[in-house]
Amino acid sequence: MINNLVTSEKKIKFFRMGKRNWRKTRWFYLFIAPWIFGFLAFILAPVIVGLLMSFSNFTGGNFNSLKFIGLENYTEVFRDFFSSGDAWLALNRTIVFTLLSVFISTALSLSIASLLTGNIRGRTVFRVLFYLPAMLPLVASIWVFRSLLDNNVGVLNAILDLIVPGIHIPWLTKQAFLSLIIFTAWGSLGGAMIIYMAGIQGIPSELRDAAAVDGANGLQIFRNITMPMISPLIMYQSVLAIIGGLQTLVTPILLTPGAGGSGSMSISTIPVRDNYLFMVHVYQESFNRLRFGYGSALLWIMFVFILILTFFLIRMSKKWVYYEVDPDSKPGDK
Amino acid sequence: MKAKLLQALTVLVLLTLVLSGCATPTPTPASVDTTSEPADATSEPVDATSAKPITLVVAAWEEEFTNEQIAAYTALNPTITIERIDPDQTKLAALVAAGTAPDIIRASGSDVPLFVQRGWLMDLSSYFNNSTVLKVDDLVPANSYFVYNDVRYGMLKDWSPDSAFIINKRMAEKAGIQLPPLNSIITYKQAGEWAKLMTVWDGSRLVTAGSEGFGSDVDVQNVARESGGDLYSEDFSQAIIKDNPVVVEYLTWAANMAKDGYTFGPLNPSPDWGVPDLQSGAAASIVMGYWCNAEYAGSADEGVEKPSDFVMYPALSWGGEKVFNTSAGGAGWMISATTQHPDEAWKLFEYYMAGQPAIDRATSGWGVPSLKSQFVYMEAPTEWQQQWLDTVNWELENVDTTARRINPYFSTQTFNNIWYTQVEQYINGEISIEEAISNLDTEVNKAIDDGIAQK
């Protein structure tokens with residue numbers, strides 16, 4: 001009997017607490033409700049639909065003959081990977097592109113950030129100039145680059161022609177991959193530079209002063225103080241850039257469209273082979289060949305690949321990223 | 001307690017007011033003006049049974065279905081609101097996939113079989129049979145694009161036999177070329193020889209390509225038809241490319257023209273596309289259609305080259321005896337299979353295809369009318385435009401302009417993308433021309449197999 005009374009009292013207390021908590025938190029839930037709704041409707045639901053689509057023969061309109069085909073799309077993707085076809089080429093080119101563009105972009109943005117945090121005349125102007133590409137719309141930037149790099153009527157070749165008459169480098173065809181890397185590095189420079197500059201400015205000046213007093217030169221200070229101190233930012237920026245690189249779609253198609261898209265800026269065209277990236281392959285299969293099921297399978301494989309890669313990078317970061325506190329430590333650990 | 005209830009009710013009322021304020025105001029049936037007089041038979045208000053306000057979503061480009069035309073139609077049919085969206089193919093595929101297809105779809109005639117195959121289109125046969133303004137007998141043969149398994153799904157808004165050969169007379173004369181009389185049959189190889197003479201290189205810069213390029217799916221269809229065959233088997237289950245020696249010979253020739261730098265190609269793409277390239281002097285000849293006379297007429301003073309120098313010949317021939325112009329380039333309208341307003345959509349369809357918008361199109365010179373009865377509206381204000389119109393009329397009488405057969409299992413864009421990829425590898429020396437053609441055959445047939453498997 002006493003036990004029952006105690007239990008009832010606990011229940012009443014719980015409900016009272018619940019009500020109190022609800023009063024305290026209702027505004028919180030009310031305010032985040034639009035975001036939760038947006039997340040469910042526009043992110044989670046499409047992701048689930050995409051997953052279901054990858055197990056189907058969906059072609060965009062075949063609702064009457066839609067059927068579950070199990071892992072058939074996934075099997076075909078792996079078969080294509082091993083048959084050295086377009087899927088393999090696309091994966092191959094994407095990995096090379098991502099590694100190169102991330103490396104070049106990181107090296108450039110870090111170098112420029114270091115320079116622009118020092119005492120250079122007109123550094124504010126340089127900061128603005130270097131950040132400007134990050135503010136331009138992608139398609140407009142591509143259009144400008146095409147005008148600069150066009151094989152026959154490009155500005156760059158016209159300038160080169162003044163220096164070395166008769167020289168015309170086919171930037172958008174035979175040097176298409178280089179052009180893509182340059183464009184990507186140029187476009188991502190500003191954003192990364194700002195982050196690195198913030199990181200460098202946050203390093204206590206005593207550390208550098210002490211190193212200078214001990215006789216360290218600029219390079220040694222950069223290598224032994226600046227780099228370790230901003231390594232969490234390099235890690236963060238690199239992970240984002242790698243994910244972005246693996247998901248590149250529009251740039252190669254519009255920048256280097258090959259014969260099929262000469263002149264026009266159409267997403268339906270196919271870029272030159274060197275710039276046939278993974279997402280271009282996904283786009284071709286999904287929207288040109290209307291193989292939405294196969295395209296979704298490609299995307300899910302890329303998703304898993306990115307997930308594993310990110311996990312691996314985070315695990316590896318313990319070896320080279322300097323954290324002032326142990327990231328694995330728990331509150332109270334000594 | 002009462003105070004809380006009052007608070008909750010106040011919030012509820014305010015929320016309702018805010019939400020209703022956000023909603024789009026729709027006219028009530030009582031506010032509909034039914035006294036407007038129709039301008040002509042095709043723009044009559046829809047019947048009383050559909051007096052409920054509705055919205056028709058039309059996927060069409062703004063310059064083809066203008067705001068003025070929309071306003072004119074909705075003024076006569078106040079219960080109908082028209083929402084125009086761009087007919088981008090990707091967007092369309094996504095809308096259909098999401099179950100929100102537009103009521104009316106604008107697409108190229110060559111896309112129709114694929115759309116039918118995907119089940120996107122409504123059967124319009126009975127509408128055509130019962131229409132007083134759109135009669136099947138009055139439709140030009142190129143409208144066969146819209147007939148699939150004896151079912152009619154739509155019609156062209158206008159069209160042109162798009163494989164005509166257009167050459168810059170000034171550049172030809174400069175290269176020492178004696179052009180043949182108008183309406184002569186010119187072979188691809190002859191056009192190729194002229195292209196060689198007209199090509200201008202400045203070091204490694206291509207200043208003028210003798211010709212824009214060859215080897216598109218349309219050219220291949222023309223050549224295949226000329227050989228007595230077709231690009232596809234009877235049931236579309238197979239593409240016949242490497243097994244047709246004439247097609248192989250043609251593709252080899254086209255790839256070599258690009259490789260040798262007499263035309264634009266995958267590794268030396270055009271700075272723009274055919275029409276502006278001819279006008280800017282980047283190309284000395286192009287394969288294009290009658291429609292672009294309006295483009296040139298509208299920008300006659302803008303280009304380096306003058307349209308009066310552009311001479312139009314009929315479509316090129318491979319063998320030199322027969323000419324096939326199977327391109328029938330043109331776009332048309334169709335009605336979505338999932339439309340909730342088929343009758344209203346059809347009324348708008350009739351207005352667009354036979355009413356004032358159709359007459360405006362015919363007089364503009366942008367294409368050949370889709371209805372024979374509207375040929376009378378075609379105009380040629382200048383001497384060179386009259387020459388183009390004469391060539392088109394000559395082609396309509398003397399050349400086989402039956403539309404090419406479109407494979408329903410894959411898109412023509414896929415064919416071209418595959419071929420350009422192969423030519424690129426051939427020019428780079430990675431594969432031989434035999435391998436390029438064999439790969440084209442394999443890839444196209446694989447794409448067809450995929451399409452059939454997804455049926």
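Contact here means heavy atoms within 4.5 Å. The model is predicted.

By that criterion, helix 9 of chain A packs against helix 12 of chain A through two sets of residues. Helix 9 contributes A:Ser231, A:Ile234, A:Met235, A:Val239, A:Ile242, A:Ile243 and A:Leu246. Helix 12 of chain A answers with A:Met302, A:Phe305, A:Ile306, A:Leu309, A:Thr310, A:Leu313, A:Ile314, A:Ser317 and A:Trp320. Of the residues in this contact, 13 are nonpolar, three are polar and none is charged. The helices span residues 218–246 and 292–320, respectively. Their axes come within 11 Å and cross at roughly 165°. Helix 9 of chain A is therefore roughly antiparallel to helix 12 of chain A. The crossing is right-handed.

Chain A also meets chain B. The contact involves 38 residues of chain A and 37 residues of chain B. About 3200 Å² is buried between the two chains, with carbon and sulfur atoms giving 51% of that area. On the chain A side, A:Asn152, A:Arg273 and A:Arg289 lose the most area to chain B. Together they account for 20% of what that side buries.

Within chain B, helix 8 covers residues 217–226. Ten of its ten residues are buried, so the helix is largely enclosed by the rest of the structure. The buried set includes charged side chains, among them B:Asp217, B:Asp219, B:Arg225 and B:Glu226. Just after helix 8 of chain B, B:Gly228 adopts a positive phi of about 95°.

Methods: Residues numbered from 1 in each chain as written. Chains lettered and ligands numbered in written order. Predicted model: local features only at pLDDT ≥ 70, side-chain atom pairs only at ≥ 80, totals over all residues. Heavy atoms only, no water. Buried < 20%, exposed > 50% of the residue type's maximum accessible area, 1.4 Å probe, protein only. Helix = DSSP H or I, 4+ residues; strand = E, 2+ residues; numbered from the N terminus. Axes fitted to C-alpha atoms, helices over the stretch in contact; angles between N-to-C directions. Parallel < 35°, antiparallel > 145°, perpendicular 65-115°, else oblique. Left-handed = near helix turned anticlockwise from the far one by under 90°. Buried area = accessible area lost by both parts, 1.4 Å probe.
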